[in-house]
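Colleague: Let's go through this model together. I'll ask, you answer.

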Amino acid sequence: MLHETDPATQRKLMREFEKHGLDDQSHEIMTLWWYRIVPHRSYVKGWKIGPSHFLNQDLGTVWLDQ
């Protein structure tokens with residue numbers, strides 16, 4: 001793609017790469033609740049699971065009780 005000077009050809013090459021990466025090489029399927037898989041151990045203290053993966057991500061109050 002870097003050797004092409006024509007923007008249309010560059011776009012075509014990028015779309016082919018995206019199609020290959022997303023259609024042929026992708027091995028992960030996103031689901032609606034993918035972020036709700038939260039591993040938790042009994043010795044992890046101070047961690048509160050939030051309603052979203054964007055909320056309650058302050059790890060300043062989390063500690064290991066071991």
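Colleague: How many helices and strands does the chain have?

Modeller: This is a predicted model; local features need pLDDT of at least 70, side-chain atom pairs count only at pLDDT 80 or more, and totals for chains, interfaces and linings use all residues. Residues are numbered from 1 along each chain as its sequence is written, and side-chain values use heavy atoms, with hydrogens and water left out. Helices (H or I, at least four residues) and strands (E, at least two) are DSSP runs, numbered from the N terminus. Along the sequence the pattern is α-β-β, so defined: one helix and two strands.

Colleague: Which element of the chain has the highest mean pLDDT?

Modeller: pLDDT is the predictor's confidence in each residue, from 0 to 100. The chain averages 77, and 71% of the residues score at least 70. Strand 1 (residues 44-45) has the lowest mean among the elements, 84. The highest, 88, belongs to helix 1 (residues 7-24).

Colleague: What share of the residues in the chain is buried?

Modeller: Buried means under 20% relative accessible area, exposed over 50%, partly exposed in between (1.4 Å probe, protein chains only). The count runs over 66 residues. The buried share is 5%.

Colleague: Is M1 buried or partly exposed, and which residues is M1 in contact with, leaving aside neighbours within four places in sequence?

Modeller: M1 sits in the segment before helix 1. Its relative accessible area is 46%, so M1 is partly exposed. Contact means heavy atoms within 4.5 Å. With those neighbours left aside, M1 is in contact with Q10, L13 and M14.
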